[in-house]
Amino acid sequence: MENGVSNPEKVRAFLKGDPRVIAPQILGAVLTHHSEAGPVSVRLTEVEAYMGPRDSEHPDPGSHTFGGPTARNAPMFGPPGFLYVYFTYGMHYCANIVCGPDGSPSALLLRAGEIVEGEGLAALRRPASKAHKDLASGPARLASALGLTTADTGRDALAAPFSLWLPKTPAAAVASGPRVGVAGPGGSTEYPWRFWVEDDPTVSKYKAARPRTRNTAG
């Protein structure tokens, strides 16, 4: 990625901040996974910020950390720049990048992006996608296109086989609103922590939470 910031120390320092502040600034960043099958890079166009447990400074009822640390959400309690990948609905993987200082759990759910390298490989991983814009439009699609699974949770997104380039300049037009598919208070307008590049065709469609289903992310 040209004219971006890729130095791991600088990127990690950037990710130590509040994810609600980082989220609009990270739009346009490019995450790459160099797997054995080849590289795939995605330019981030949509993310959601998630915060901490109910007894933390910033409790977030929509976050996987709300009930406290578990084996599953352990990466979110670690240092910034690491991946938290979880399995949902018995069929999908979703990927987050951990933010905040070590021990202060928070993360950004990678909701959507544009494939800018490795489109052929991404298409093989996403055979149901009918167009380029659909390859990583949605968190499950994005994780699938990058070849991410729970085997990658806890891995450093800033070190091989991964890299993260921050944009040199912020996205021109950024919108925000309630998070997608989060039930209860965490999915309300009180938590407008979903950020996306306005009018970008890869941004996923908003869907409210299903009744009686608690589908948290991040």
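Is Thr32 buried or exposed? In this predicted model, local features need pLDDT of at least 70 and side-chain atom pairs count only at pLDDT 80 or more, whereas totals for chains, interfaces and linings use all residues. Residues are numbered from 1 along each chain as its sequence is written, and side-chain values use heavy atoms, with hydrogens and water left out.

Thr32 is buried, with a relative accessible area of 5%; buried means under 20% relative accessible area, exposed over 50%, and partly exposed in between, for a 1.4 Å probe and protein chains only. The residue Thr32 belongs to strand β2, residues 30-35. Strands (E, at least two residues) and helices (H or I, at least four) are DSSP runs numbered from the N terminus. The side chains of Thr32 and Ser41 are joined by a polar contact of 2.6 Å. A polar contact is a pair of N or O atoms within 3.5 Å; within protein, one must be able to donate a hydrogen and the other to accept it, and residues adjacent in sequence count only if both atoms are side-chain atoms. Apart from neighbours within four places in sequence, Thr32 is in contact (heavy atoms within 4.5 Å) with Pro39, Val40, Ser41, Pro161, Phe162 and Ser163.

A disulfide is a covalent bond between the sulfur atoms of two cysteines. With the criterion of a pair of cysteine sulfur atoms within 2.5 Å, a search of the whole structure finds 0 disulfides. Cys94 is in no disulfide, and the nearest cysteine sulfur, that of Cys99, is 16 Å away. This separation is too far for a bond. Cys94 is buried at a relative accessible area of 6%, and Cys99 is buried at 0%. Cys94 is found in strand β5, residues 92-98. Leu109 is 15 residues from Cys94 in sequence and 7.6 Å from Cys94 in space, C-alpha to C-alpha. Not counting residues up to four places away in sequence, Cys94 touches Tyr84, Val85, Tyr86, Thr88, Leu109, Pro139, Ala140 and Ala143.

Val21 lies in helix α2, residues 19-26, and is partly exposed, with a relative accessible area of 47%. Although Val21 and Trp193 are 172 residues apart in sequence, the C-alpha to C-alpha distance between Val21 and Trp193 is 9.6 Å.
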